[in-house]
Number of protein chains: 8
Amino acid sequence: MSTHWTVYLSGEIHTDWREQIIEGAAAAGLDVTFTSPVTDHASSDDCGAEILGAEADCFWHDRKGAGINAIRTRTLIGRADVVVVRFGDKYRQWNAAFDAGCASALGKPIITLHDPALNHALKEVDAAAQATCEHPAQVVSILRYILTQA
Amino acid sequence: MSTHWTVYLSGEIHTDWREQIIEGAAAAGLDVTFTSPVTDHASSDDCGAEILGAEADCFWHDRKGAGINAIRTRTLIGRADVVVVRFGDKYRQWNAAFDAGCASALGKPIITLHDPALNHALKEVDAAAQATCEHPAQVVSILRYILTQA
Amino acid sequence: MSTHWTVYLSGEIHTDWREQIIEGAAAAGLDVTFTSPVTDHASSDDCGAEILGAEADCFWHDRKGAGINAIRTRTLIGRADVVVVRFGDKYRQWNAAFDAGCASALGKPIITLHDPALNHALKEVDAAAQATCEHPAQVVSILRYILTQA
Amino acid sequence: MSTHWTVYLSGEIHTDWREQIIEGAAAAGLDVTFTSPVTDHASSDDCGAEILGAEADCFWHDRKGAGINAIRTRTLIGRADVVVVRFGDKYRQWNAAFDAGCASALGKPIITLHDPALNHALKEVDAAAQATCEHPAQVVSILRYILTQA
Amino acid sequence: MSTHWTVYLSGEIHTDWREQIIEGAAAAGLDVTFTSPVTDHASSDDCGAEILGAEADCFWHDRKGAGINAIRTRTLIGRADVVVVRFGDKYRQWNAAFDAGCASALGKPIITLHDPALNHALKEVDAAAQATCEHPAQVVSILRYILTQA
Amino acid sequence: MSTHWTVYLSGEIHTDWREQIIEGAAAAGLDVTFTSPVTDHASSDDCGAEILGAEADCFWHDRKGAGINAIRTRTLIGRADVVVVRFGDKYRQWNAAFDAGCASALGKPIITLHDPALNHALKEVDAAAQATCEHPAQVVSILRYILTQA
Amino acid sequence: MSTHWTVYLSGEIHTDWREQIIEGAAAAGLDVTFTSPVTDHASSDDCGAEILGAEADCFWHDRKGAGINAIRTRTLIGRADVVVVRFGDKYRQWNAAFDAGCASALGKPIITLHDPALNHALKEVDAAAQATCEHPAQVVSILRYILTQA
Amino acid sequence: MSTHWTVYLSGEIHTDWREQIIEGAAAAGLDVTFTSPVTDHASSDDCGAEILGAEADCFWHDRKGAGINAIRTRTLIGRADVVVVRFGDKYRQWNAAFDAGCASALGKPIITLHDPALNHALKEVDAAAQATCEHPAQVVSILRYILTQA
């Protein structure tokens, strides 16, 4: 039953959760392609101004960057079989919740990944997810189960 | 050019921004039906347990409520011509961003409404919106323009 | 926030659960149109042969009837805002589960209604539902909450 | 006219009908990838609790497992060219009928596979199918015809 | 269970089958709106040239008319709940089969109406239909059953 | 065969072609709702800055206005049964061609309206249209034919 | 600009038009996969009865075969980039027109191929096509132009 | 995070902007397939008449060619991950704006490429784009960022 899966890793960019999942999946020998947004914070913020020219107004500086990032994020979410959305304990991470909303409306299965302390604040997002994990290793376990269990 | 519009008012539930928009639209004589999530905080949190039975575990208490609320929110977003998403300065409001993601993936026009102090944190959501307002009266002005300008 | 909802009542046809929901909603003054499959068992089984001509082979007798019933059921599910699926304790009721699968793939919110004794057998269907009720009165409570709570 | 087909094998997990189809297709040299749900009963039931943590309440124990299994089943049904749905003579198999409903709403061709004794109970599902087989070898014959007949 | 249905009557234009269905439905008090293509043969053939200007080449004379007729037929098929497709014993009626193909791809239920002598020639179209009738009165019976049977 | 149609009138805003069509349809007693973009040139250009605040940079001044106008145009095109696209002999009117592209991808029937001198420049757009008219009266004739011809 | 195309060859099965196109494309070195329905007339008619069991009634004999053939034809049309539909001068070929209707509703580009003597009878189908050819060599020329012209 | 992207290059055919982008992407080692319409002006204009036969009337001469070109352009836009639309300072280029409208309605990310002098005329198209570039090198920079930035 070997087939290839594509998994998009959305959300928090300040811890190594993506690496843990990618390495865990590699160690388990899973046939998965992982995709993600740009995770270099400065590049993500400034790509618009750097490529298309500086803006005096922060709002339009942000708009230019967000537009370019959206080309990548929307396309990769659209191609994904599963979308994992990670919420950390810092920042508001509205883009992670926005990605989850996109994935839900597109009918993509969602796995949320966050500390139980965020359970109440994330209840609507978790209710739209097929699974809620606390640790990256649980995401790897789900993928291993889905891809390899007979 | 008189036609009827339906506008969904998503997000923050602790200030009277919905009333301001609804009253402003009424004062302008606009042919709009406004819809919204349940805005009574306690009802929204506890509807699941009250109707379907209590849960010992908070996570499932929340899940039951979120499931019922989703019947309303997803249906009304699906029917809306325009989705207005309000972000306040309190709480994380991930459900507002989630609604915006749904609306975007469904191709619904989005109007965001928030203080400029949130501009950077909301840049991805604003980039998916057709307009970003600071005050409810601006939302009313947009609706009046869209519905009545020759 | 008054809007009109359409609710399809799928499944078991041997108890009065539909009447309980319809009367409960009327008593609560809800603006709901309820639709359902043909619930007269004999008519549902024999409509094909009666209208289109008798068949010697039971399989084709059933096919003719199922085809005609599908015109009604698929159309009304397609129009519904919410699909309630009732599983009783008799018969296999595969058509109820089939309707739930259709509704799920169409993105319709689902409310399941069954005895807790069926929980394990229905776990996949319940996992695709926004709410699982034990009694028709709970379905009415959900509709009242969704339609009338401020 | 050689092209590759993907066939999802849904339903009963207690007999070797999948093996018969897979081996028959291999013997016929057909270019088909077969996919299926997890068919190990215990794993399928307990995957949620094992990966995400135990639940005191059976309902939520089942929910966790059903959520994870749905990631696999919905994705593979969505990728399939043809969905074969097998109904055995034991258990209620509502998930098989649910899968058939999903496949039908997604416009996937369906082949049902069951004993004629179930014909009447399955008439709605059979009416949504392109073919109804009694034996796995007939499914193989259909695939061979579809893939190789000039 | 009173709801309104829209039924598109496609195909043959040289007998009074549409009138029989419309009158039968009216006599039965059914809440149905019937729509159809332009059934005046000369108008249908010449509308393009009459409105948009004459063409020397018959092919383009036909193209202009077919384009205008398609505005009506495609729109009304898209709005219909049910599409009835009538095949007579004269002419090739490829447009009727084309309409049936459109309706099928759009997921609309189809009722075919033709003499049994055409059964073999129409087997692909009949296989995509929910019911095949020989007489207009049978179409009325199906509609009455679907709309009024409890 | 009386049904209601909605017709969106896209494109050129400097001549009275919309009025001619609307008056012609009214004179013919057609049951049509006509919709259109904002046709007051100054309002259309400046609505963004007037409602949301002035911009120093023309590009963002235009962006704000275009965003608001898109809420109206995309929504009304999405609701339309037919889209009429008018190209005049002045200005580049890329928004008219853009609207035609949207309408085509959405499967909406298109009627183009322009001087034959523009035929070659508009060949791709005309090839996506069901009819190409030179005069507004021809659009009225098409609508009258589609709506009223038996 | 080398990309791979898939072309479905629908319709008439009594002349060698498919071979002419396939050989012409091969001679031109085009990167095209051609697909088609089963073109062996007897197999196509009898596949249902042979695989699933004989039927006393011709109507159901045909239904079984048409169901199986539809698994192949609908799937391959759904995968095709271009659908070529050939109408010969014998038989009614309603399935060809049905395929064209499916392709049109799915937004697939259509090339029709028929003698000019059929122009008037096929005007609705031709109006839904991007090109109408008289000879198979013209279909090859179109494919060569589309795939290889700079 | 290496994945393959397909980028459609729509619009102006009289300068070497496509070559600049293709060569820039190659120099950057990007895994991109570029597709485009036929850019040989004479071939694009005359393909219909050359393959399908001459037409006396220019309008139909153009129609035949536009139909064939649409097979290529619509298919390649449908397959693209990103659509780049170039507007030059000559000709009206309505087909470029039409392509942008198609891409937008299909939910494809759009990058516009034009001189700032065209900003006002293109404001509706730019508002539907994720990025607006002045130079081909900026398009390459966006692609490099999207495909290779960690």
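A disulfide is a pair of cysteine sulfur atoms within 2.5 Å. By that rule, 0 disulfides are found over all chains of this predicted model. Local features need pLDDT of at least 70 and side-chain atom pairs count only at pLDDT 80 or more, whereas totals for chains, interfaces and linings use all residues. Residues are numbered from 1 along each chain as its sequence is written, and side-chain values use heavy atoms, with hydrogens and water left out.

- C:C58 is in no disulfide, and the nearest cysteine sulfur, that of C:C47, is 15 Å away.

**Interface of chain B and chain A**

- Contact (heavy atoms within 4.5 Å) links 36 residues of chain B with 36 residues of chain A.
- The two chains bury about 3100 Å² between them, 63% of it on carbon and sulfur atoms; this is the accessible area (1.4 Å probe) lost on being put together, summed over both.
- B:R92, B:W94 and B:F98 supply 25% of the area that chain B buries against chain A, more than any other three residues.

**Salt bridges**

- The interface of chain B and chain A has 2 salt bridges, each a side-chain nitrogen of Lys or Arg within 4 Å of a carboxyl oxygen of Asp or Glu.
- A:K123 and B:D45 form a salt bridge through their side chains, at 3.4 Å from N to O.

How values were computed
Chains lettered and ligands numbered in written order.
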